[in-house]
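Please look at the sequence and the model before reading on.

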Amino acid sequence: MVAQPGPEPAISSSATHRDRGQSGEEDLQGLGHSSRRMITVTVREHVFNECNSGKNAFGPAFFEQHLSVVVEYAMRLGGTLGADLEIIELAGWLRDIAAVQDVAALRRHPVLSAEIARRMLLEKGYPSGRAERVATCIASHSAPIETGNGRPEEVCVSSADAMSQIVRPAYWLCFAFQVRRRGFAEGRDWLRQRVENNWAALIPPARAIIGKEYRQVAEFLRL
Ligand SMILES: [Fe+2]
């Protein structure tokens, strides 16, 4: 049986309300919301298939335990910060694609994934200005960005990436042991450090969303 990517995340109607760039100019190149929604759905399916391919060193669980979690939390933050949810969702699905396709790209995956995303979206007819915003969001996702230091979409996706490591400790322990080949204490200490660093870097609205999960994982890892 061929696995399916599961239910789509709920999309707020604010995705359509925020179709304007920072300049206030429309950048839709005649492409309506439903066509852009279809592009997002096909992107998500493509990423799901890549995660389930033999090339993905992070394992098929990467889709549900990391990518989907980042999209979910980035969109929740996006609702709070008034960000463009469509840009967030596309960046959320595509931001690790280079590393999923080739783990050797891990170190440079934000820049390489941004290039892949830009090319893929333009090939699908996605508006060029919005494709550029998705690429910018991907290129800057590796560490949480503070409010005011980037576009709201960049703040949301970079924060959600850090949040995902706090709320899914089982996956990240598996990652430490299996992908990074760490021993027990080393892998546990790696996750402790990530959880501490990520929590310290989160903006207050992100902390408000995952405060309970942070306290639970802190106890679980005995920080
Ligand atoms: Fe990443």
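The model is predicted: local features need pLDDT of at least 70, side-chain atom pairs count only at pLDDT 80 or more, and totals for chains, interfaces and linings use all residues. Residues are numbered from 1 along each chain as its sequence is written.

**Helix α6**
- Helices here are DSSP runs (H or I, at least four residues), numbered from the N terminus.
- With 15 residues, α6 reaches 20 Å from its first C-alpha to its last, close to the 21 Å expected at 1.5 Å a residue; the expected span is 1.5 Å times one less than the number of residues.
- Buried residues (20 or more other C-beta atoms within 10 Å of their own, C-beta atoms being placed from the backbone) of α6 include His109, Pro110, Ala117 and Arg118.
- Among the elements covering the buried residues of α6 are α4, α5 (97-101) and α7.

**Helix α7**
- The end C-alpha atoms of α7 (residues 128-139) are 16 Å apart, which agrees with the 16 Å that its 12 residues should span at 1.5 Å a residue.
- Its buried residues are Arg130, Ala131, Arg133, Val134, Ala135, Cys137 and Ile138, and they pack against α4 (85-94), α6 (109-123) and α8 (152-167).

**The largest nonpolar core**
- A nonpolar core is a set of buried Ala, Val, Leu, Ile, Met, Phe, Trp, Tyr and Cys residues joined through C-beta atoms within 7 Å.
- The largest one has 57 residues, and Ala74, Ile88, Ala91, Leu94, Ala117, Val134 and Met163 touch the most other members.
- Helix α3 (residues 61-81) gives the most to this core, with 10 residues.
- Leaving out residues up to four places away in sequence, Met163 touches Tyr73, Leu202, Ala206 and Ile210; contact requires C-beta atoms, placed from the backbone, within 7 Å.

Definitions and conventions:
Buried ≥ 20, exposed ≤ 12 C-beta atoms within 10 Å, placed from the backbone. Helix = DSSP H or I, 4+ residues; strand = E, 2+ residues; numbered from the N terminus. Contact = placed C-beta atoms within 7 Å.
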